[in-house]
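Here is a short briefing to read alongside the model. Take a look at the structure first, and then we can walk through some of its features together.

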Amino acid sequence: MTTTSTSQALAMSTPEVERRLHPWSWLFVLVQQLRQFIIPLLALVFVGRGDGNALWPLVGVAALALASLWQYFTYRYRVDDDRLVVREGLLERKVRQIPFARIHNVALHQSLLHRMFDVAEVRLESAAGGKAEAEMRVLRLDEALALERLIRDRGAATHAAGPAGTSADATAADPTLLLALPTAEVVRLGLASNRGMVVVAGAFALAWQVVPDRAMTRLVRDAGEQAFGYASHLSIGWAGQVAAVVGFVLLALVVMRLLSVLLAVLQFHGFTLQAHGRRLTVERGLLTRIRTSASRRRIQAWTLREGLPHRLLRRRALQVDTAVGQQQEGEQRSLRELAPIATPDACDALVREVLPGIAWPPAAWQPLHPRAWQRLMLPGVLVAAVAAAAAYWRFGPWGLAALAWAPWAVFAARQHARRAGYACDARLVAVREGWWSRHWRFAEIDKLQALELRQSPLDRRFGMATLWLDTAGAGAMSPPLRLRLVPLAEARALHARLVREVARRPLRW
C-alpha cells in the first residue's frame, strides 16, 4: 500500500456527493459468501449426486451472486464535513451516520485477489463492540487511502482545542517512522514465538472434529503401532530407543520453529509503525497486506512481554489494548502489535514516544508483601503432596518421587516474588510479574474504569490484598492489570488514592 495524493483526498472530501463501491465489489462479496457457505454447497454436490439434485449447488451460487449484485447497486456512502453517511438497502433502507471523531480504528485489508485488482477492503470500528460501524467491500486503493487520511485529519480537527477547529495534527504532515522490522527481525520473531505449535494444535483439533471419532482413533493407533513396530525390528536396545525418542522430539521442535518463522514472515513481512499526528498506523503482511490506524488516545493499556526465547535473543514484544472489537473472521485487524519484536531499549523509547511526558521505565518499583513467596508456593506444594499421596497408593514408595516438585515450587515462588512489583505516579500505574516468562502491564490513570480490592481467606491470613484495575478493550489473551499480594494497609491506601483520582478525572477514550 502506498500513500494517497493530496488531490485524491480533496476529491474524496467533496460534500454531498454519494459514491458507490468499486464496480467489482460484488465479486469480492460473492467470494466472501462462498467461503461461508462452501460446506453446505459441497454437501449438496456429494449428497445430491445421482438423484436429480445436482443443479442445486449452481442455484445456490446464482442466488449468492444476485445478492452480491444487489448489495453493490444499493450501497452508497457520502463524506460530509464531520461524518461519514452510509446508505444501503432498497426495500428496507438503512442510513448510518458515523462521526469521524467516533471512529477508533481504520483497517485496510488486501488479499492477493485485492492486490490483483488494486482495491482494498475498508473497515471502520468504534468502541461499540466486535461489529464494525461500516464495512466497504471494496474501494479502489487510492480511494481507500484517501478515506483513511480524511478520517485521520477530520477527527484530529474535531478534537483540536484551537478556536478555528484546526491543529497541527489535522494538517497533512509527513508521517514519522517509529519502527520498521527487517527480515532478520521477523525471523527472530518466528524463533521467539509459538505460532507453529498453535497452528498444528488448531489443525489437529479441527481434524478431530471433522473426521469421525472412530476413523481418527484408528488412524492414530495405526500410526503408533507402525512406528513402534518399525523401532522394534531395528533391535537398537533401550539406549538407542531413548536416543531415537530424543531425536524425534528435537526434530519436532525444529519443525515447529521453522513453521513459526514461516508464519511470522507471512504475517509481519514489511512491518512498519508510523505516526500521523495523533494517529498510529501499522502496515504488515507478505501475501495479505493489512493496514490499520488508530488514535493514540484510544490506547487503553500496554503490555511488554519477554519469554525465555526473547531473553536469549535480547528482545521484547510491545502490545496495546484499544477500545474496539478485537477479532473479525478469525483475523486480527485492530491495532495491537506496536512492536512484535524489538530490543528492550527500542520498546522503552517507543513507549516514551507515544506517551510523551511518561517516566518509563519507572524509577522505583514497590515490592510485594515480604511473605508473598509463601502465599505463591502453597498451590504447588499442595499439588505435589496430593500427587505424591495418590502415586504412593498406586505405585508404592516410588510414588513419593512426586514430592520432588515441592522444592521447585518453593524456588519458583521465591523468584517470582523477588522480581514482581508495582509502580504508581501521577499519570501511570504499572505492574511487573513473572520469572520464567515475564511481562509488564501498565495504563494511564485517566483510562481506568473500575477498581476492586480483593482478599481471599489465605490473603487475610497473610495480611495482604490484591488490587484489580479494569480498562476498556482488554483482550482475552492480555494479562490482567492487578497489583497482587500487596500489604493490606498499603493496598487500601493505594485503592483510596486511585478512587479519588479516577473520580475527579474525566474518562478519556
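A residue is called buried when its relative accessible area is under 20%, exposed when that value is over 50%, and partly exposed in between. Tyr72, at 11% relative accessibility, therefore counts as buried. Please keep in mind that this is a predicted model.

**Aromatic pairs**
- The whole structure holds 12 aromatic pairs.
- In one of them, the ring centres of Tyr72 and Phe73 are 5.0 Å apart with planes at 70°, so this pair is edge-to-face.
- Phe73 is partly exposed, at 47% relative accessibility.
- Trp435 and Trp436 also make an edge-to-face pair, 6.0 Å from centre to centre and with 70° between the planes.
- Trp435 has 17% relative accessibility and so counts as buried.
- Trp24, Trp26, Phe28 and Phe117 come together in one aromatic cluster.

**Helix 13**
- Helix 13 covers residues 405-419, and its 15 residues should span 21 Å at 1.5 Å a residue; the end C-alpha atoms are 21 Å apart, so the two agree.
- Its buried residues are Ala406, Ala409, Ala412, Ala413, Gln415, His416 and Ala417.
- Their cover includes helix 12 (372-395), strand 18 (428-433) and strand 22 (481-487).

- A nonpolar surface patch is formed by Val242, Val245, Val246, Phe248, Val249, Leu250 and Leu253, with about 650 Å² of accessible area together.
- Leu253 sits in helix 9 (residues 237-268) and is partly exposed, at a relative accessible area of 47%.

**Asp153**
- Asp153 belongs to helix 5 (residues 141-158) and is buried, with a relative accessible area of 15%.
- Asp153 and Phe100 are 53 residues apart in sequence and 9.1 Å apart in space, C-alpha to C-alpha.

Definitions and conventions. Residues numbered from 1 in each chain as written. Predicted model: local features only at pLDDT ≥ 70, side-chain atom pairs only at ≥ 80, totals over all residues. Heavy atoms only, no water. Patch = residues over 30% accessible without salt bridge, like charges linked within 9 Å, V, L, I, M, F, W, Y side chains within 5 Å. Areas by Shrake-Rupley, 256 points an atom, 1.4 Å probe, with all protein chains shown as cover. Salt bridge = Lys/Arg side-chain N within 4 Å of Asp/Glu carboxyl O. Helix = DSSP H or I, 4+ residues; strand = E, 2+ residues; numbered from the N terminus. Buried < 20%, exposed > 50% of the residue type's maximum accessible area, 1.4 Å probe, protein only. Expected span 1.5 Å × (residues − 1). Contact = heavy atoms within 4.5 Å. Phe/Tyr/Trp six-rings, centres within 6.5 Å; stacked < 30°, edge-to-face > 60°.
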